[in-house]
Amino acid sequence: MKIVVLVGAPGAGKGTQAKLLTEDGYTHVSTGDMFRAAVSESSELGAKVRGFMDAGALVPDELVIEVVASALKQLPKDTRLLLDGFPRTSPQAHALAEVAEAIGATVDALFIEVPIDALIERLSGRRVCEACGQTYHVRYNAPPATGECSACGKGPIVQRRDDQEETVRKRLEVYEAQRNALQAFYESRGSLLMVNGVGEVDAVAARIKQLL
Ligand code: AP5
């Protein structure tokens, strides 16, 4: 298995780029999407993670590691995987390295770099389909005026609960606090890739494809 970890601040475009790369045969696994689905299904996992997400805080490492390790072990051995939003801390990075070794997978980390002003503009304008998770942006990729999602035909198209200004600020702080340790971890293993995430979505995608 080949694992590419997508690292980037909230709004850097991890989910947007991962969805595009699925067209090239990658499988996309997002811890944020998994947790949001659990919250909307009101499952036991959802009840455990909801408070952390609403506060813009990280879900505890043990819980995230358990969820991801179990998901990885169920994937076919020839999967090319984009892991979006995991790892986010050093303990998570070490845990992923252990699981990868156990299942014979390689891990590269792709950091998507975007300056703070652009991140805030992207997050404040983001809208998502509540039914399928399709992402829009009021300025760069406006949702259909009918209110129906162009991907699944359903909706509604809403603002994410954690995209409120106060929560966004907290999420950005949390990312900054972990970023350097994660970068150092992958740099020391010779598996760090960096990409400039500014510009049109397709231009960023082309840069990423050149690196992968
Ligand atoms: P998660 O869902 O992973 O959120 P995040 O990391 O904050 O990232 P986002 O989804 O906000 O941004 P993105 O980089 O995917 O950007 P997107 O492509 O949507 O996690 C949510 C929460 O879950 C966390 O806060 C935490 O509580 C918990 N959690 C998840 N994983 C965890 C873990 N490992 N450990 C602990 N807790 C965890 O793009 C953003 C917007 O910009 C969109 O509107 C898009 O259309 C637009 N856009 C994208 N690219 C461009 C471009 N090039 N130009 C213009 N606009 C663009």
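Visitor: Which helix supplies the largest share of the lining of the largest cavity?

Guide: Helix 4 does, with four residues. Please bear in mind that this is a predicted model.

Visitor: How is empty space inside a protein found?

Guide: Rolling a probe the size of a water molecule over the atoms shows where empty space is left. In this structure, the count comes to one cavity of 30 Å³ or more, and the volume of the largest cavity is about 40 Å³.

Visitor: Which residues line the largest cavity?

Guide: The lining consists of Ile-65, Val-68, Ala-69, Leu-72, Phe-86, Ala-95, Leu-96 and Val-99. Two elements, helix 4 (61-73) and helix 5 (90-103), each give two or more residues to this lining.

Visitor: What secondary structure does the protein chain have?

Guide: The protein chain comprises eight helices and eight strands. Its radius of gyration is 17 Å, close to the 17 Å given by the globule rule for 212 residues, so the chain is as compact as a globular protein of that length. Along the principal axes, the C-alpha atoms fill a box of roughly 50 × 40 × 35 Å.

Visitor: What share of the contacts with a separation of 6 or more joins residues 24 or more positions apart?

Guide: Such residues account for 67% of those contacts in the protein chain.

Methods. Residues numbered from 1 in each chain as written. Predicted model: local features only at pLDDT ≥ 70, side-chain atom pairs only at ≥ 80, totals over all residues. Heavy atoms only, no water. 1 Å grid on protein atoms, 1.4 Å probe; cavity = no way out; pocket = protein on both sides within 12 Å on 5 of 7 lines; lining within 4 Å. Points joined across faces, edges and corners; volume = space filled by probe spheres on them. Rg over C-alpha atoms; globule rule 2.2 N^0.38 Å. Contact = heavy atoms within 4.5 Å.
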